[in-house]
Amino acid sequence: MIPVKFDYLAPTSVEEALAALGEHGDEAKIMAGGQSLLPVLRMRLNAPEVVIDLGGIDSLRGIRDDGDAIVIGAMTTHHDVREHALVREHALLISKAVAEVADSQIRHRGTFGGALAHADPAGDLGAPALALGAQFVIAGPGGSRTVEADDFFVDLFETAIGEDEILTEVRIPKHTGWGAHYEKFVRVAHQWPIVAVAATVRGSIDEARVGLTNMGSTPLRARATEAALAGASATEDGVREASQLAAEGTNPPTDLNGASDYRKHLARVLTGRAVLKAAGA
Amino acid sequence: MTATQERPAAEIGKDRRRKEDQRLITGRTRWTDNITLPGMLHLAMVRSPFAHAAITSIDVEAAKAATNVVAVLTGRDFGDELGACINAWPITPDQKTPPHSPMPADRVAFAGEIVAVVVARSAAEARDAAELVDVEYDEQPAVLGIKNALEDSVLAHPDLGTNKSALWVFDSSEAGTGGDVEAAIQQARTDGIVIEREYRQQRLIPAFMEPRSVVVDPTGEQLTMWSATQIPHILRFALAATTGVPESKIRVIAPDVGGGFGGKLQTTPEEWIAWAVARRLSKPVKYTETRSESLVSAHHGRDQVQTLSLAADKDGKVTGLKVHLDADLGAYVSLVGGGIPVLGAFMFNAIYKFPSYRFECQTVLTNSTWTDAYRGAGRPEATYAVERLMDELAAEVGVDPLVIRERNWITHEEFPFTTVAGLEYDSGNYEAATARAKEVFGYDALRAEQGERRARGDRVQLGIGVSTFTEMCGLAPSRVLGSLDYGAGGWEHASVRLLATGKVEVVTGTSAHGQGHETAFSQIVADRLGVPFEDVEVLHGDTQVAHRGLDTYGSRSLVVGGEALVQAVDKVIDKARHLASHLLEASQDDLDYGGGRFTVRGTDQGIAIQELATATFTGHNYPEDMELSIDAEATYDPVNFNYPHGTHLCAMEVDTETGAVTMRKYTCCDDIGNIINPLIVAGQVHGGLVQGIAQALWEEAVHDDAGTLVTGSFVDYLLPTSADTISFDVLHTEEPSVCTTNTLGTKGVGEAGTIASTPAVVNAVVDAVRHLGVDDIQMPCTPERVWRAIHAHDGDAPTPESAMPHFEEDAPNQDPTAGQGAGQ
């Protein structure tokens, strides 16, 4: 497992990283925690000439309170996100989902921003970020811009981040007091989810947000279910009925772990379970 | 001569921690890939992406021009010097065996086959240059899947004219070991029960932890090969037989080897290519495979379609079993590949007194990775079939699955018992193992809970699975192997050397790759010879040190290799007695041996074995008629297999909404005779169970229609970790039925857990949902397959084909997977 030879750059500021990216263009690949990139390089599925490691940029790491949102630096590890009190208090869904990412070793190396920028539809963080209406702060040669979650995920492994841009932080609007649950369905513990559902609710139930993992080429919102849940009571029958709409508009893949129709069935069942748990019912 | 030696309490039966573990776990040891020789070159293989193709041309110029590349060689560059990969077990005289070059020059027969090798000064440079080798292929139609292969419309090897390699048959009426199975089935159709099923043994990948690695040093008088192999002795023999190098010029070393599970019971193209390149260039070379290469090109296991008919009377007493296997060899008949399903031939009747039995095995060639031994090798497949059938029979009769087994099993008073397959089981006590397992499992309480859940219509249903297994292991009596046309014997060799300082070197012809031989064998010698455990050094895995041996597989090391060791130790004591009598000036008849000392009966005179060892070193004083040595060696050829058995009980919860299955409880009571080291046995059972459970629930090697291995990484080939399993109750019977054909009374345990656990798990899953109309779920029992099986009849799951694969009225042997076998 030997990658093709590449040059390695380790900038210490975002400006330096952007300059390197500008210089090397599409010959360069950004590395955050490396938990997806390194296997790809080692299996020679990709062979960038330059790897730009963001690990030396301290300003990209950390979590802070910013009024109506919490802000998670892109290079903050899953482990640190999981442990952080601000996240638990204001974005419980993120805490719950991050706890389910891969295994402990990967959570100590992999980063919050790296996973979102990688945009694997089976990744655990897209659905909760979408459900919570996260905002993605992206730095480029002309300065920073902010992209709403609905516009961030474009396609399989494709986001709104331009080739000359870097994701620097993710703003999560505070959902203080909202119940949350991430229901992940796997065959073995270290597997990517076959389907997962990220649900968060205010009251029981005044308002609900439901994100779906691996139900299409990007993370998806189960909007019909959300609408049906708004103002509903958190009874098993009511929630299950609303969850019957969870697979609407999805186009899940067929692979060794399940056919598309089975995944749709799972999405309905798991949505019901996730919402009930989020509502504490 | 009065030195007294503090003797520890008996070593045998003690939970000794393994003395080899520190170096194995930390990796500060001699793994093959850790070996670096002066001037060593590195190899990278170029492999075919196509399952079946003619090689039109290979352009190596760009690769040759790459940095630090020394050579790029293809099949055409080698003649006979490349040798051949051999099949050592042709199961019939007319077996079709395609020629198997380590690096074919003209045609590839599976995706992953090697077509060129790049030699460079570093592994990275070799890997880079391998991508520059430009191979043109003319793709040919590929045959994948057993059912497709049987049709013979597309041929894996066109020159053979058929995909059918061999048909091997055993019939109890012809062998005189039982009655006519067809008559039994006819009778049962009239006034009894006939259970007909088709079970699929999916293809598995051994997935040992240490990838295969080989180093060849051709410098000097001898050629030395280090290889991550289970079989250094067989490897040496095969190198000599196929490459023209005299065996005496070949030294093969299996240094520390990180697991095998049968997957390193092979002579590989990679070894042969490394051998040829090193000889061609007169330079040491190393090749270490990547995990991706390992999954695609190290041999796979299992892969059978089993067509089964079980006949019984109305009370569930079995009157006959008919078995037809179709077994996928992959692209070539590997070292013992054809024989693996035949090893199951004697085990379908398991612990039962079936009066008639017929077994047929048709092996077929396909354009897929070749198959061979994988933990259990033939016996897990047989055990799965019969234990699934016995549960089905119980359901048909309407009695508890344990009752149906009791009605058919050999009772403990009936041993020794000659089975319908012609084996003589020497000992066993199925009643005792079952009673103990049942009690610890809490069988009755779990049955009661199952009933309550069914009555309540719980979303999560509970099932209980039974597997009462036995196996034949300790490969093997050489004459029996000869009668099966196996290419080698089954004996084992050991020698015991007493060093001048009183330490003991033990040499075994078995070749440990994680089993803990160094510890267990030290315990045996410590007790038998009466020396401290710490003073025993076990040497193995180097043909120059262990000059005779047949290596490690088939749960043979302890029961065959251990017995050879006992015999060698006994010879040491005999020789030492002569010397002791001389030095103590006493008659041999007056000497007692115990605790490492000869003592003169009725006196306080004595001499320790270590002192005698020193006396043979100095040679100052010894009898005229004695050769100056107390070292000894022994070769032991077993007179029978041995037959461990056990009762395994598994409780599984099935989520009927999602199909997810969760293990609730697993209890096994294995009777493996006397136990040398309970800790090592527990490790073998735990690991074995997980490997068998993994076949039931998780693992499956899948090729697509083009012959590409879809499960080519651990992302798709699902290996369980400790996070996916529970703690098992591992028990043994209070009074084991010891093996009567070896001194230690031991039976093999290396494969037991794997053989037993698979049907216990699937039986439990099926039992949980049988009331919903399910009588089978294809392995691995994925949530999707379980869900489709449950909802096949209620319209909730519209495409049931992958979950309900089996017999339907008037349509025998249908395969809903359309010959793809591996599913999907």
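Mentor: Helix H19 (residues 678-697) and helix H20 (residues 752-769), both of chain B, pack with their axes 7 Å apart and at an angle of about 40 degrees. Helices here are DSSP runs of H or I, at least four residues long, numbered from the N terminus. Axes are lines fitted to C-alpha atoms over the stretch in contact, and angles run from 0 to 180 degrees between N-to-C directions. H19(B) and H20(B) are therefore oblique to each other; angles under 35 degrees would be roughly parallel, over 145 roughly antiparallel and 65 to 115 roughly perpendicular, with the rest oblique. The crossing of H19(B) and H20(B) is right-handed, that is, the near helix is turned clockwise from the far one by less than a right angle.

The model is predicted: local features need pLDDT of at least 70 and side-chain atom pairs pLDDT 80 or more, while totals for chains, interfaces and linings use all residues. Residues are numbered from 1 along each chain as its sequence is written, with chains lettered from A and ligands numbered from 1 in the order written.

On the H19(B) side, the contact includes B:Gly687, B:Gly688, B:Gly692 and B:Ile693. H20(B) contributes, among others, B:Ala752, B:Gly753, B:Val761 and B:Val762. Two residues are in contact if their C-beta atoms, placed from the backbone, lie within 7 Å. By type, the residues of this contact divide into ten nonpolar, ten polar and no charged. Ala, Val, Leu, Ile, Met, Phe, Trp, Tyr, Cys and Pro count as nonpolar, Asp, Glu, Lys and Arg as charged, and the others, Gly among them, as polar.

Methods: Helix = DSSP H or I, 4+ residues; strand = E, 2+ residues; numbered from the N terminus.
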